[in-house]
Every structure is written in C-alpha cells, then in structure tokens.
Protein chains: 2
Amino acid sequence: MSDHATIAIDAMGGDHGPPVCVPAALAMLEKNPRLRIILVGLEEVIRPLLNGNSERLSIVHASEVVSMDEKPAEALRKKKDSSLRVAVNLVKDGTADACVSAGNTGALMATGKFVLKTLPGIDRPAIMAALPTIEGHLHMLDLGANSDCTSEHLYQFAIMGSVVASVIENIDNPRVGLLNIGEEDMKGNDNIRQAAAMLADAHINYVGFVEGDDIARHKVDVIVADGFTGNVALKVMEGTASLVSHFIKKGFGSGLYGRLAGVVALPVLMKLRKSLDPRQYNGASLVGLNGIVVKSHGGADEVALQQAIRVAMLEVEKKVPDTIHQLLAESES
Amino acid sequence: MSDHATIAIDAMGGDHGPPVCVPAALAMLEKNPRLRIILVGLEEVIRPLLNGNSERLSIVHASEVVSMDEKPAEALRKKKDSSLRVAVNLVKDGTADACVSAGNTGALMATGKFVLKTLPGIDRPAIMAALPTIEGHLHMLDLGANSDCTSEHLYQFAIMGSVVASVIENIDNPRVGLLNIGEEDMKGNDNIRQAAAMLADAHINYVGFVEGDDIARHKVDVIVADGFTGNVALKVMEGTASLVSHFIKKGFGSGLYGRLAGVVALPVLMKLRKSLDPRQYNGASLVGLNGIVVKSHGGADEVALQQAIRVAMLEVEKKVPDTIHQLLAESES
C-alpha cells in the first residue's frame, strides 16, 4: 500500500475522542513515512496530547463537537464548525485526500452527502465494510445508511460493491450476491426480485441470491442488502461472536480442570481471539460519495482506529470514487 | 411437562425422512409413557423400520410426499394425500393434538393456513423459535414466513410472541422488543415506528427497540421482526457460530502444540459444543394457526427431531392456540 496521502481525522469523534484519535494518528505517521495527517477539533484539547512535532502532522481547529446521539439533520444545520463537518470540508476543498471519523454515523453520512454530494448515477451512498469469513473476509453493503431501499438502490449498491471489492482486494469480477431468505428465484419480496432481474443484465459478476449463513461461508465476495437488513446482520454477527467468547470464557473459567485446561489452551485461544478480533475489520467506507469518507466504530481503540486510517489510505491509493464513477459510466453506455 | 398428548409426525419430511423420523418417534414413546404418536406417510416404508409394536404408536398411510423444493402453492393444490397434508388434517379433525414436520416450510405454512385457518384477530401466522443467549434462550418471530409485514402484522406477532413465551417459559409479562437498527424513536422505517406506537398501547410488556446484538445479550424475552429480517438474523447466527467452530477446530488442529492443547481442552470444548448445539433449539412453532404445528429443521437428526416433538408436547400442555385467542380477545376488549 502506498502511504502517499493526506488524511483528515475528526479527532473529537467516537466514544473516546482525542485520547484515542491522537495516539492512533501518531502511530500511523510513525509507520508510514510519507503519510500526512490533519487532526481536526478543539486545538486546546489536541495540542497537549502531541508528543513533540511532526512536520507531517497539522491541526485544524474546529470549535464544535457533534455528540454521538445528536440528530443528523440538526448537527448538519446547527454545527457548521464541528470537527466532523470541517474534516469533510477538507476533503471537499482538496486539502485532504480522505477523512476518517469515529463520530455520529448519521451525521457523518448527512454531512458527506451535503458537502461532497453523491457520484453521478448514485442516488444514495451506502456503508460498506469487510466481514470475517472462513476464507478471510468479504465485503458487505449497505450496513445501515438506508433503512428503505428500492430495487434501483440495491442495483447501485451492487455496482459500487463490485468496484470497491475489485480494487481493494485486487480481484477481477468479484462475485456479487443479493442477501435473501432463500436461493430460489421466487424467494423474498418484489423489491429484491426486481433488483435481481436488473443485476442479471449488469456488467458485473452477479451470481444470485445468498442467505444469512452464506456470509461466514464466503459464498460470494460482495453481499448486497438494504441498510436495515445489513445492519441487523452485522450486529447479529457481533452478538453471536461475543456469545461464543462468553461460553469459551465460562468453560475455561469454571472448575479446576477448566482453568488448568485454559492455561494450556491459552495460545490457541489467543489466536482464535485474533482471528475474530473486530478491530481488524474496523473502517467502513461511505461509498457513493464524491470523496473518500471512512467511518470508524464509535468505540474504536487505538489499534482499531489505525485500521480505519489504513482503509482510507487504501481507498486514496485506489482512487475509489473515480473508479466507481468510471465503471458506472461504462456500464450505462 | 405432561406427556398426555397425541402427536402426528410427517414421517416423510426432512432431508432424511423415515430413517430419522421413526427412531425419533420410538425414542420419545420410550421416554414418555403416556405419549401417543401417529406416523404419517408411506406405510410400506415406515412399517419395516418399527421394532415390534407399541400400542401407543399407529401409522396413517399417505400416498404422496412433498419435496423440499416444491412450490408451496403447488404442493397445496396437487398433493392432497401428502404426508404433510394428512398430518395437518389429523390436527384439524381432532385425531392428533399437534403435528410435527421436518418438511418443506412454505408448504407446511400454506397447508396449515388452508386447513387449520388462522386464529380470529390474526392475519398471518409466524414462525417462532428459541435462540441461544448468555442467559439461556429467548424467543423470536417471525423467522421467515412473511417477507413483507405491515405494522399491524408486527403488532400481532408481538402479542402472540408474548403469549407463547409466557406460557412456555412460565414467566409473567415477558419483555418484548422490536428488532431495529438503533434504539432511538426515530430509527428504522415508517412501518416499524408505527408498530412501536401501536405496541406502546398494547396490554403486553413492550420495552422498545432492540438491535441485532441484543439477541445474544438477552435484552428482552421476545424479539419481533418481519420474516425477512428474522430469517436473515437466524441464519447469520448459525453462520457465525459455524465460523467460530471452524476457527476453534483450526486452532486446535494445527501444529503439535495446538493438537496437544486440544486434547487437554477437549472436555471444555465438548461442553462449549453442547451449549451451542443447534439441535437443542430445534422445533419452530407456526404460531397464529388454529392448531399446533411445529416445524423441525430439514436436516434434523434423531436428537433434534425429538426436541421438536417436545416443543409440540409443551404447546399441547399449555394449550397455546387457545391462550393466544383468549389474550387477543381480552386485549381487544
């Protein structure tokens, strides 16, 4: 991955704000000699957290902070000098190549749409991220930006998903599936059946309907869903993984044998934990915007936030919005 | 649990048919001295599988079999002497107190609706089952019967879910939540917000919106969703649990240390496997029908099918359809 990029970070975003965002930024600068980072937020809070100076690090002051539970429309209307808004503005005016925020998802999406606009041919941006599978990971969208989707929206998500997975994973013609409750043509609702008919004629490798358990099975490279279903699927995955961890901890934590066995099994369990560590999947793209915006999990720690910055760097390198635009134009022609 | 019941079993249903259904029935008769079972299907196939006779076991011949991928409407129209249809007929005419089938879900639901009809006040039956949580299990519906649901349908599911969870779990006022993509009032779509408004006035313990990760967390006792979302959630849970098992097996199966650690950890891992064994959650109720119909997983083995029969017995004991009818009538008055 090339590290030739300037990333604006909403340093006030997320559950932890500057105490996590600043060290994550410093660590990424250390690891990537050509990366530049702009920390956006309350300068008086950010400045004291810097250990000395890096010429590749700058601060852009923003006087307001959007809270995690603020209504997106209100944040957009009332907080024009929020760290979230200013970070997106820096992408708009070309000062930054991308921005990363662990802040309010709805506000980030609303601000992204308002400031950057959507790409020509895209009605609605979607949230896209990598999810773990038995073969590594696949990409899924929409993970929660759009509760109600038409077949046209699902179609656009599929095109965008195919492009992003292709450039990020370096694979030709990624397999794209529509999330449904059965594989037969008649399954699901009118909306999804209509989207399937549209995708059968699209210039992507659309392979048909997939079901909830096909995510872990890695049946396709890209899974397309409306934002309601996608968000539920994502959170059910998180919940189920936690449930299993809970049972494992309980098993190895109870009784003398369990505890002793736990000590022996520890290295293997640590590896398991690493395989399932959600931090390595942090960083969801707001695809469909005319600019690169990456959403980090609100509760992200330093390690997780670095991963979100990496996602932004990769999208800069791969020029994701341009590529989507190009391929959309080609498939329309 | 009282075992005073007569259960009709669609012996031809599921991926395995009689070789699994018959031994499961015999095992349940052995364990429950007052249980009676009627095996429905091709007598010439079933009879040779019986080990001697039980006066509590009988066979009702049915000349046709509905295949797993048959269209429900066609099965209903063309196969009037299928084992699935005859099993449901036995409930209708009072010969059996309940029926259990591992067959085609859509056909079972369509046949149940056609033969038994829905309870007064219920527009659509739903599929309801228990799911594992950190505190045991909770109940969720609809798991796939209805792809499109109005707010009125969701409302009815919530009432039915509350009744069934209450009688089956012996708890007063089970907490009921609507599955959504956030907890705030504004989240989701119009449909779900309208259902929430209706439930706020219902005579059940409706506690609000819950998210996908609240299932494992056992935030409520009953989770209500449309059949599309519910089915995706169920299958994502199954897929994620398999994914974790896969990583565990891989971890303990690779390298000398991993394999040795696996031997030591085996008893704990076996307990974990038991905690997550989907067979103990087999048996989904088709709630809202004027009769008790339990759907077993198509791939169910003997152990799993016995669990589905247990669910049917419990619903007979608790008179589930009558109780739903009564409580609906009370809450309407």
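Asp142(B) sits in a loop of chain B, between β6 (136–141) and α6 (151–169). I start there because most peptide bonds are trans. The bond leading from Leu141(B) into Asp142(B) is cis, with omega near -5°. Chain A has a cis bond from Leu141(A) to Asp142(A), again with omega near -5°. Asp142(A) is in the loop that runs between β6 (136–141) and α6 (151–169) of chain A.

Keep in mind that this is a predicted model. For chain A the mean pLDDT is 91, and 99% of the residues reach 70 or more. The scores for the model are ipTM 0.87 and pTM 0.89.

Next, some backbone angles. Most residues other than glycine have a negative phi. Asn173(A) has a positive one, near 45°. Asn173(A) belongs to the loop between α6 and β7 (175–179) of chain A. Is Asn173(A) buried or exposed? Asn173(A) counts as exposed, because it has 12 C-beta neighbours inside 10 Å, and the cut-off for exposed is 12 or fewer.

His218(A) also has a positive phi, near 55°. You will find His218(A) in the loop between α8 (214–217) and β9 (222–224) of chain A. With 18 C-beta neighbours inside 10 Å, His218(A) is classed as partly exposed.

Now the layout of chain A. Chain A is divided into domain 1, covering 1–118 + 288–318, and domain 2, covering 123–286. Note that domain 1 is written as two stretches of sequence, 1–118 and 288–318. The C-alpha centres of domain 1 and domain 2 of chain A are 25 Å apart. Where the domains of chain A touch, 24 residues of domain 1 are in contact with 17 residues of domain 2. On the domain 1 side, α5 (105–116), β11 (292–295) and α11 (302–317) of chain A each supply at least two residues. Which of the elements gives the most to that side? It is α11(A), with 8 residues. By class, the domain 1 side has 11 nonpolar, 7 polar and 6 charged residues.

Two single residues come next. His325(A) is in helix α12 (residues 320–332) of chain A. His325(A) counts as partly exposed, because it has 17 C-beta neighbours inside 10 Å. Along the sequence, His325(A) and Leu119(A) are 206 residues apart, but in space their C-alpha atoms are 6.5 Å apart. Leaving out residues up to four places away in sequence, His325(A) touches Leu119(A) and Pro120(A).

The other residue is Met160(B), in helix α6 of chain B. Met160(B) counts as buried because it has 30 C-beta neighbours inside 10 Å, where 20 or more is enough. Met160(B) and Gly288(B) are 128 residues apart along the chain, with 7.1 Å between their C-alpha atoms. With residues up to four places away in sequence left out, Met160(B) touches Ala126(B), Val287(B), Gly288(B) and Ile324(B).

Last, the place where the chains meet. Here 47 residues of chain B are in contact with 47 residues of chain A. On the chain B side, α8 (214–217), α9 (227–253) and α10 (255–276) each supply at least two residues. The one that gives the most is α9(B), with 21 residues. The residues on this side of chain B comprise 26 nonpolar, 14 polar and 7 charged.

Two packed helices are described by the angle between their axes and the distance between the axes. For helix α9 (residues 227–253) of chain A and α9(B), the axes come within 8 Å and cross at roughly 35°. The crossing of α9(A) past α9(B) is right-handed. Which residues make the contact? From α9(A) they include Phe228(A), Val232(A), Val236(A), Thr240(A) and Val244(A). From α9(B) they include Phe228(B), Val232(B), Val236(B), Thr240(B) and Val244(B). By class, the contact of α9(A) with α9(B) has 14 nonpolar and 4 polar residues, and no charged ones.

Terms used: Residues numbered from 1 in each chain as written. Chains lettered and ligands numbered in written order. Predicted model: local features only at pLDDT ≥ 70, side-chain atom pairs only at ≥ 80, totals over all residues. Contact = placed C-beta atoms within 7 Å. Helix = DSSP H or I, 4+ residues; strand = E, 2+ residues; numbered from the N terminus. Nonpolar A, V, L, I, M, F, W, Y, C, P; charged D, E, K, R; others polar. Domains from an automatic or database assignment. pLDDT = per-residue confidence, 0-100. Axes fitted to C-alpha atoms, helices over the stretch in contact; angles between N-to-C directions. Left-handed = near helix turned anticlockwise from the far one by under 90°.
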